[in-house]
Amino acid sequence: MNSSTSKVPFKGTPEQEAQLLQVIEDHKDEKGALMPILQKAQNIYGYLPVEVQKIISDNTGIPMEKIYGVVTFYAQFSLFPKGEYTISVCLGTACYVKGSGDIYNKLQEKLGIAGGECTADGKFSLEACRCIGACGLAPVLTVNEDVYGRLTVDDVDSILAKYAE
């Protein structure tokens, strides 16, 4: 993730904001309320863009720097929306030694996004993972629940094409 802004415009609804404000109200007097507020906010929006962090900051008095620090520290939180299709490339040892790093780089190039980001059309998001337990099929990637194994860089175009329609 080399930027803190998404290529996908923020599309929060008034209903989502009302839900978030209720979550903040429910937790405002609790010590350590930031984590549950952020978790519920991510459940509401699917990710935690700066716009959502600002609503939380404005309504809790917690500085934006602290909120951003927590969001970027914990892997459970995402600054970017998830695409319709989440591509996850295994970079565990077995996959990596068989070329998954090159596949991951090719996907970044083809999709025009960095890991953790979503394409502007909301179709694909890309992430790296560590060992999905299919080492015998290395290198492996998943697209949502579909598993692809024994891949080469040359397989990237045909895999993307299956989901591009």
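Q: Which ground rules apply before we start?
A: Residues are numbered from 1 along each chain as its sequence is written, and side-chain values use heavy atoms, with hydrogens and water left out. Since the model is predicted, local features need pLDDT of at least 70 and side-chain atom pairs count only at pLDDT 80 or more, while totals for chains, interfaces and linings use all residues.

Q: How many salt bridges does a search of the whole structure find?
A: Here is the general idea: side chains of opposite charge can pair when their charged atoms come close. The term means a side-chain nitrogen of Lys or Arg within 4 Å of a carboxyl oxygen of Asp or Glu. Searching the whole structure gives 5 of them.

Q: Where do Lys54 and Asp58 lie?
A: An α-helix has 3.6 residues a turn, so residues three or four places apart point the same way. In this model, Lys54 and Asp58 both belong to helix α3 (residues 50–60), 4 residues apart, or about one turn of the helix. Helices (H or I, at least four residues) and strands (E, at least two) are DSSP runs, numbered from the N terminus. The two side chains form a salt bridge whose closest N and O atoms are 3.0 Å apart.

Q: Which residues of α3 are buried?
A: Buried means under 20% relative accessible area, exposed over 50%, and partly exposed in between (1.4 Å probe, protein chains only). In α3 the buried set is Val52, Gln53, Ile55, Ile56 and Ser57. These residues pack against α1 (14–27), α2 and α4, where contact means heavy atoms within 4.5 Å. Lys54, by comparison, counts as partly exposed because its relative accessibility is 43%. After α3 comes Gly61, whose phi is positive, near 80 degrees.

Q: Which residue forms a salt bridge with Lys82?
A: That is Glu127, with the closest N and O atoms 3.4 Å apart. Lys82 sits in the loop between α4 (64–73) and β1 (85–90) and Glu127 in strand β2 (residues 124–129), so the pair ties together parts that are 45 residues apart in sequence. Glu127 is partly exposed, with a relative accessible area of 26%.

Q: In what order do the strands of the sheet come?
A: Two strands pair if DSSP finds at least two bridges between them. Here 4 strands form an open sheet in the order β2-β1-β3-β4, with mixed pairing. β2 and β4 (146–148) stand at the edges with a single partner strand each, so one side of each has no neighbour in the sheet. β1 and β2 pair in the parallel sense over 6 bridges, and Ser88 stands opposite Glu127 in β2.

Q: Which residues line the second largest pocket?
A: A pocket, on a 1 Å grid over the protein atoms alone, is an open set of points where a 1.4 Å probe fits, with protein on both sides within 12 Å along at least five of seven lines; lining residues have an atom within 4 Å of a point. Grid points are joined across faces, edges and corners, and a volume is the space filled by probe spheres set on the points. The second largest pocket has a volume of about 180 Å³. Its lining includes His27, Lys28, Met35, Lys66 and Val70. The elements giving two or more residues to this lining are α2 (34–45) and α4, and the largest share, 3 residues, comes from α2.
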